[in-house]
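I opened my notebook to jot down what I could look up in this model, entry by entry.

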Amino acid sequence: MASTSSRFTFSEWPPALSEAQLEALTLYATTYALSHSLLYLPAVKPQPPIPDSAIHAPLSVFPSPFPRRLFALARRLQSTYNILYARIATNVEFLDKVMGSIEGVGKVDDFVGQLWTGWKSPPGRGSRSGGPLQLGLFRSDYLLHAGPNNEPLGLKQVEFNTISSSFGTLSERTAALHRYLYASTDFPQNDTTAGLAEGLAAAHAAYGVQEAKVLFVVQAGERNVFDQRLLEYELLEKHSIHVVRQTFDQLAVNATVDSATRALRISNDTEISTVYFRAGYTPTDYPTVSHYSTRFLLERSRAIKCPSIALQLAGGKKVQQVLTQPGVLERFLGNTMPAAQIDELRASWMGMWGLDEEAGVHKAREAAERLVLKPQREGGGNNVYKEAIPEFLDALPLLERQAWIAMELIVPPEGLGGYLVRAGSEAVKADVVSELGIFGWALFGGPEGDVKEKEVGWLVRTKGKDSNEGGVATGFSVLDSLLLV
Ligand code: ADP
Ligand code: MG
Ligand code: MG
């Protein structure tokens, strides 16, 4: 493996390989992946009820070099983000104003409006401040931002995920894969599985009924099941907590909430301590009104939600943008954190603004080449980039403008290469961009207003440089890890 001295230059990466070397490494990598649950279900539709095969997840043969200083910064920021989003989720007035159906995004975005209305309508008071506890399993995503000489100058946040933050357990295995292939001291530990399970176990303990179970709400036909199951096994093996998996369709039949105690039960027996959503983040998870009813039923129960509807709304891109307005961050953190800590967080942001006013739309047209427009959606494939922006704005109905934000494009260092492998194909050499995600959890919402939180590990996803988006699940990128330089 190449030396990782301070003279490291990104364009030297990855090491040159002969065809035979690459083939040998690819075999080592994919065999390790298949042996260590670094897996996906194959792309067969519909998924058979009992799958009988798996493929390795898309992989990078080499880890990506990443500046040690910026990795440390990303990890340090996580606690501040954990606390920030816990406070946003318990600030009803703020969420009403930004995401609500009366004056906020919910007025023009049906999905956001549905969630907000369900959250507000009595007795859906599950998430008000001073209400029951809530759990967040978060992932804050970043890209390196290059300086004038293509040097990795800073770290800029892409987005903050508050629902269904995936690839925790698979990222741990990808880090282990690269450690196996290239024994080196420059690989940071990555214990996301233990860390995320610890968050769920903390919620379970706070609920206070040991024999209760944790509910995983999942999508039918999910291919990324191993990433979820590995968390389930960890909960059972390390914490003696049982997990029930259910889709919204199954819950519509099986879930009941006791009218007196508000205990959530599945099939009239299993009491649920914590509801962990790996579904429900996208409108297609709610094909009918009754799917929303099921979500609201869970919300009304006394089980701890991960996330509550309020916390899901807090993860909206609109909130990310409003945080950049003067004084907003201080409102959430100012009384408990030194200014330097707040400034460090703010320095991780790109410029963002809303499109609700004509001036914002005008500015977006002018600067289109340097921008991405984002709606209030998760899961990849929803953004509008650069030259597509003016035409998109021409067609965007006036009323819908409020549902979108403009964000300056992060400019990652150029010249970094990688070998990317998908199941069934040879490794492909490509110019790449790597996105770092930092996982954290927060348990909050009790009457004291305190936030128990922790940073628990990381993820790297690497995509070809010319692809705008970077979702592994949507097929644009591969799982990767990092080598500190
Ligand atoms: P989603 O919630 O759908 O994942 P993201 O905000 O993460 O939405 O955007 C999807 C992808 O688009 C990111 O993974 C990243 O590759 C790219 N992207 C988003 N924002 C920016 C940005 N400001 N600069 C450069 N690329 C971006
Ligand atoms: Mg994303
Ligand atoms: Mg997201």
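Entry 1: I took strands as DSSP runs of at least two residues and helices as runs of at least four, both numbered from the N terminus. I also kept in mind that this is a predicted model. With those terms I placed Pro46 in the loop between strand S1 (39-40) and strand S2 (55-56). I checked the peptide bond from Lys45 to Pro46, and it is cis, with omega near -10°.

**Entry 2: another cis bond.** I noted that most peptide bonds are trans. Going from Cys306 to Pro307, I found a cis peptide bond with omega near 0°. Pro307 sits in the loop that runs between strand S12 (304-306) and helix H10 (309-314).

**Entry 3: the whole chain.** I counted 15 helices and 21 strands in the protein chain. Its radius of gyration is 22 Å, close to the 23 Å from the globule rule for 485 residues, so the chain is as compact as a globular protein of that length. Along the principal axes, its C-alpha atoms fill a box of roughly 70 × 55 × 45 Å. Of the 485 residues, 46% are buried. I also looked up contacts between residues at least 6 apart in sequence: 74% of them join residues at least 24 apart.

**Entry 4: domains.** The domain assignment gives me domain 1 (10-350 + 428-484) and domain 2 (351-408). Their centres, taken over C-alpha atoms, are 25 Å apart. To their contact, domain 1 gives 19 residues and domain 2 gives 20 residues. Which helix gives the most to the side of domain 1 that touches domain 2? I found helix H11 (residues 317-322), with 4 residues. By class, that side of domain 1 holds 6 nonpolar, 8 polar and 5 charged residues.

**Entry 5: a four-stranded sheet.** Next I followed an open sheet of 4 strands, ordered S13-S16-S14-S15, with antiparallel pairing. Strand S13 (352-354) and strand S15 (384-385) are the edges, each pairing on one side only. S13 and S16 share 3 bridges in the antiparallel sense, and I noted Trp353 opposite Ala406 in S16. Strand S14 (residues 371-374) is joined to strand S16 (residues 405-408) by 4 bridges, and these two also run antiparallel. Leu371 stands opposite Glu408 in S16. Against this sheet packs helix H14 (residues 358-366), which touches S13, S14 and S16; the direction of H14 makes about 135° with that of S13.

**Entry 6: a hairpin and its turn.** Strand S5 (residues 134-146) and strand S6 (residues 152-161) run antiparallel and are joined by 8 bridges. Here I saw Asp141 opposite Glu159 in S6. The hairpin has 5 residues between the strands, and Asn150 takes a positive phi near 70° there. Is Asn150 buried, exposed or partly exposed? With 16 other C-beta atoms within 10 Å, Asn150 is partly exposed, because that count falls between the 12 or fewer of an exposed residue and the 20 or more of a buried one.

**Entry 7: one more positive phi.** I reminded myself that most residues other than glycine have a negative phi. Ser267 is not a glycine, yet its phi is positive, at about 50°. I located Ser267 in the loop between strand S10 (264-266) and strand S11 (270-277). Ser267 has 12 C-beta neighbours inside 10 Å and counts as exposed.

Terms used: Residues numbered from 1 in each chain as written. Chains lettered and ligands numbered in written order. Predicted model: local features only at pLDDT ≥ 70, side-chain atom pairs only at ≥ 80, totals over all residues. Domains from an automatic or database assignment. Contact = placed C-beta atoms within 7 Å. Nonpolar A, V, L, I, M, F, W, Y, C, P; charged D, E, K, R; others polar. Pairing = 2+ DSSP bridges. Axes fitted to C-alpha atoms, helices over the stretch in contact; angles between N-to-C directions. Rg over C-alpha atoms; globule rule 2.2 N^0.38 Å.
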